Amino acid sequence: MESLARLRPLSFSIPSNHPLRSHKIQHKIRFPVFCSSIPSHSINAEDTAVKTQYKPGVLDELLLSFFRKKMVEEVGWDSKKPGYDGLMEVVNRLMIKCQSNSETERAAVRILRSLFPSFLPELFQMLISPIGRGEIAAVMVARVTALSCQWLMGPCTINSVDLPNGSSWRSGVFVERCKYLEESKCLGVCINTCKLPTQTFFKDYMGVPLTMEPNFSDYSCQFNFGVHPPPSTEDKALQEPCLQICPNANRRRELRESAGSMQCPKV
């Protein structure tokens with residue numbers, strides 16, 4: 001396992017004849033994600049009792065506060081709870097506020113865009129992403145993600161990604177046990193506020209394809225920068241039924257006989 005502390009900065013040069021092109025952003029149509037009360041995996045008490053062990057530092061607290069501030073601006077509401085617990089309440093309010101999955105995804109993309117100066121993603125897309133068939137950009141964003149997002153996801157490491165053409169890049173990020181998924185306990189929150197909008201943001205605004213592969217059994221997640229996501233109809237994560245530990249699924253089971261509906265309240 002490679003130590004992040006030993007990573008060296010990348011050096012590269014931009015060809016003098018490199019074309020600067022403007023990019024039109026096209027919003028993609030997504031299939032809605034539905035949750036059923038049938039568990040996709042057997043999650044026992046030991047699994048749910050294990051918590052990701054990560055001690056946030058001062059920088060982590062600053063990043064959490066900044067991210068929460070931007071999310072509150074989008075939602076128009078803030079929780080009274082401090083720290084990560086309060087952040088998750090704001091996330092749930094975002095899910096309630098939005099009328100559809102596509103609206104939730106667009107809101108989450110706006111939040112991601114607000115985290116950066118407006119000119120930075122466009123410059124990155126025009127100047128960095130085309131170099132070396134996209135390898136430089138993919139490796140860069142993977143390392144930045146691993147170094148700067150552990151406060152949100154927990155411990156993560158850099159690994160290799162196999163591309164469809166048979167080559168391999170060090171552009172993967174493996175999240176050992178995603179705190180965001182573990183704390184939300186909801187597949188819909190993971191898909192609609194994290195996976196789909198993050199893939200959209202990196203591809204449309206940074207020029208870096210990304211496929212995220214969350215594992216709803218052990219809460220791990222694999223980021224594959226440089227790999228285009230599969231069609232919605234073939235994305236296994238979008239076909240998963242609701243988690244057994246999901247509080248909404250538990251409530252739905254209690255109301256099933258009287259309501260007669262299996263659809264997730266968050267959809």
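You are looking at a predicted model, where local features need pLDDT of at least 70, side-chain atom pairs count only at pLDDT 80 or more, and totals for chains, interfaces and linings use all residues. Residues are numbered from 1 along each chain as its sequence is written, and side-chain values use heavy atoms, with hydrogens and water left out.

**The sheet.** Start by selecting the open sheet of four strands, ordered β1-β2-β4-β3 with antiparallel pairing. Helices (H or I, at least four residues) and strands (E, at least two) are DSSP runs numbered from the N terminus, and two strands pair if DSSP finds at least two bridges between them. At the edges, pairing on one side only, sit β1 (156–162) and β3 (210–214). On average, neighbouring strands are turned by 25° against each other, direction ignored.

Next, colour β2 (residues 168–175), which joins β1 through six antiparallel bridges. Zoom in on aspartate 162 to find its bridge partner, serine 168 in β2.

**Helices on the sheet.** Now show α6 (residues 135–148), which touches β1, β2 and β4 (221–225) and runs at about 20° to β2. Contact here means heavy atoms within 4.5 Å; axes are lines fitted to C-alpha atoms, for helices over the stretch in contact, with angles from 0 to 180 degrees between N-to-C directions.

**Where α5 meets α9.** Finally, select α5 (residues 119–128), whose axis lies 9 Å from that of α9 at about 60°. Display Pro121, Glu122 and Gln125 of α5, which meet Lys203, Asp204 and Tyr205 of α9.
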